[in-house]
Amino acid sequence: MNVLFVRTDQYGAATDGGSFSMQKGMLAGLRNCGHNVEVVTSCPLPVPDGMRVHTIDFSPLYNNLPEVISIPHNWKVKKEVRGIIERFKPDFIYQRHSGFNITGALIQRELGIPYVLQFDGSEVWMKKNWGKLYFEKLLTWAEDIALQHATAITVVSKVMKKTVVQLGVDERKVFVVPNGVDPQRFSPTVDGTWVREKYNLGGKKICGFVGTFGQWHGVTVLAEAVNQVIKQDPSIHFLFVGDGGLRKKVEEILGQDNVRQYTTITGLVKHDEVPAHVAACDVVTSPTVHNPDGTEFFGSPTKLFEYMAMQKPIIVSPVGQIADVITDGVNGVYAKENNPQDLAEKILTVMNNPTLKTTISNGARYDAETKYDWNVHAESIVSAFRKGLEVL
Amino acid sequence: MTLLLLISGNPEILQQHSTDAQVVVVKIDDKIISQPKRIKQLIVEHNATAVVVGTKELKFQRFQIIWKMLFFVLGIKDAAIIDEAGSKNSFSVVRLLFVELPFLVAECIASVAMIAWAYVMFPILRKGKRA
């Protein structure tokens, strides 16, 4: 099949974080499965080597006011993508959902090309909870337009599917496609020695965390757990890989608890270097928390699948999709959500139990290879498109 | 002392583009633009005589005129927005008043028209209401 991936939101030039690894993996997966893929974007987007990328720039006229920029861009993309479509003849467009983005719907209406919507979350909800929202009605309408015109909608979790169905979308055209991993790149054969040397970690027992320090990552819960772990076992060192909004808060907690010397915060690392950082750890954590407004965590953390593929013993809080992916004692260990005491206990338990470590890490690797390879993810998108056509 | 307000990009590379030998890097979220008092506080805190906003790629950095308005309001004379490649959008009061502010006015007019147009178009494209 010919698949045109369209991501035309204004996210700037930084391409750190799970959403970009996810896209690169998904695009590679589609290609590995024999599909022809081209990409349309408006900001720099990491893509697999050799993949054709078409850049449609934003108009410089709408660069200083919030939100408005995305509205005229829909029509600009629709106009400029016409030539690409005439040449490439995509079977379908795979469009990433973003605020005020109705490009897929406009193209579908004018050129008849069906599209699958990659819906990672309601922009209305995210802007209300994580940002500022100036034109709620317009954003709601735009989201409705994007959802209504899509042939199929892929979401990363059951929680998100429930949300989309609640927005009035036919359940039969919503498909859960969890994030995935490249098990060749994130492999237990990766050597993390240089990371240990770089941060002078020597032979310490390392408990790791990878993430962009976002609200839902639970990184402050891990920071609070450090003190309790160190009291029991001061030979454990914590490696926080990443940077982001909650870093300052994490540093404050570590400072107050006087445990800064038991931790290393790397700051942002290149995605290519993430496998070595995970390899340097003995145990890794994903202490994800529910949303601040009390709603259920709806994501599908890429890092979880990366940990699994690296064959690492994982401690997770069983929220949202994480509880579907990880089974306590089989491919990971559960710690209660938002509970530093329990998280500390579980870190100590796993760190000091070689049999448990081997069991859960082998289980994790097996699942990563068989269920969460990006190729499986990519085929699920194509399958969603086919099934979506049947619903029409 | 130059205060490098880092929105995105590599701080080491961005520091190399500064002419000042003494640079303090403060990582910020670009939403800080709505908090002029916080920016003023950072300038006073670091005793900065110059301010540089650092970004990975200038072309994709939004709100550049708003940043310059802030420099003007806060009385910062030596300021610029720079990127990793060394591109620089320098602050000048004359350019701000006679080129960039008129451009911003045009942007506001175009934006109002665009919003009004969207209020007409979106309901036409939308099929029915949310459940």
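Me: What volume does the second largest pocket have?
Reply: The model is a predicted one. The lining of this second largest pocket consists of 20 residues. Its volume comes to about 410 Å³.

Me: Which residues lie nearest the centre of the second largest pocket?
Reply: By class, its lining comprises eight nonpolar, eight polar and four charged residues. Nearest the centre of the pocket are P60(A), N63(A), K59(B), Q61(B) and Q64(B).

Me: Which element gives the most residues to the lining of the second largest pocket?
Reply: In chain B, α3 (64–73) and α4 (93–125) each supply at least two residues of this lining. The element that gives the most, with four residues, is α4(B).

Me: How many cavities of 30 Å³ or more are there, and what volume has the largest?
Reply: The count of cavities of 30 Å³ or more comes to two. For the second largest cavity the volume is about 30 Å³. For the largest cavity it is about 50 Å³.

Me: How is the lining of the largest cavity divided by class, and which element gives the most to it?
Reply: Among the residues that line this cavity are D9(A), F58(A), H73(A), N74(A) and F100(A). By class, the lining has two nonpolar, nine polar and one charged residues. The element that gives the most, with three residues, is α2(A).

Me: How many nonpolar, polar and charged residues line the second largest cavity?
Reply: The lining is made up of M22(A), Y94(A), Q118(A), D120(A), T154(A), V155(A), V156(A), V177(A) and H377(A). Divided by class, these are five nonpolar, three polar and one charged.

Me: Which residue forms a salt bridge with D120(A), and how many residues apart are the two?
Reply: D120(A), which also lines the second largest cavity, meets its partner with an N to O distance of 2.8 Å. The partner is R96(A). R96(A) belongs to strand β4 (residues 92–96) of chain A, whereas D120(A) is in the loop between β5 (115–118) and α4 of that chain. The pair thus links distant parts of the chain, and the separation is 24 residues.

Me: What area do chain A and chain B bury between them, and which residues of chain A lose the most?
Reply: In this contact, 46 residues of chain A meet 35 residues of chain B. The two chains bury about 3500 Å² between them, 64% of it on carbon and sulfur atoms. Together, the three residues of chain A that lose the most area account for 19% of what that side buries: N64(A), L65(A) and W141(A).

Me: Which residue of chain A forms a salt bridge with R126(B)?
Reply: A search over all chains gives 24 salt bridges. Across the interface of chain A and chain B there are two. In the one made by R126(B), the closest N and O atoms are 2.7 Å apart, and the partner is D144(A).

Me: Which element contributes the largest share of the side of chain A that touches chain B?
Reply: Twelve residue pairs are in polar contact across this interface. On the side of chain A, the elements giving two or more residues are α2 (70–88), α3 (103–111), α4 (123–130) and α5 (136–149). The largest share, ten residues, comes from α5(A).

Me: How do the residues on the side of chain A that touches chain B divide by class?
Reply: This side has 46 residues in contact with chain B. They divide into 25 nonpolar, twelve polar and nine charged.

Methods
Residues numbered from 1 in each chain as written. Chains lettered and ligands numbered in written order. Predicted model: local features only at pLDDT ≥ 70, side-chain atom pairs only at ≥ 80, totals over all residues. Heavy atoms only, no water. Contact = heavy atoms within 4.5 Å. Buried area = accessible area lost by both parts, 1.4 Å probe. Salt bridge = Lys/Arg side-chain N within 4 Å of Asp/Glu carboxyl O. Polar contact = N/O pair within 3.5 Å; in protein donor to acceptor, adjacent residues only side chain to side chain. Nonpolar A, V, L, I, M, F, W, Y, C, P; charged D, E, K, R; others polar. 1 Å grid on protein atoms, 1.4 Å probe; cavity = no way out; pocket = protein on both sides within 12 Å on 5 of 7 lines; lining within 4 Å. Points joined across faces, edges and corners; volume = space filled by probe spheres on them.
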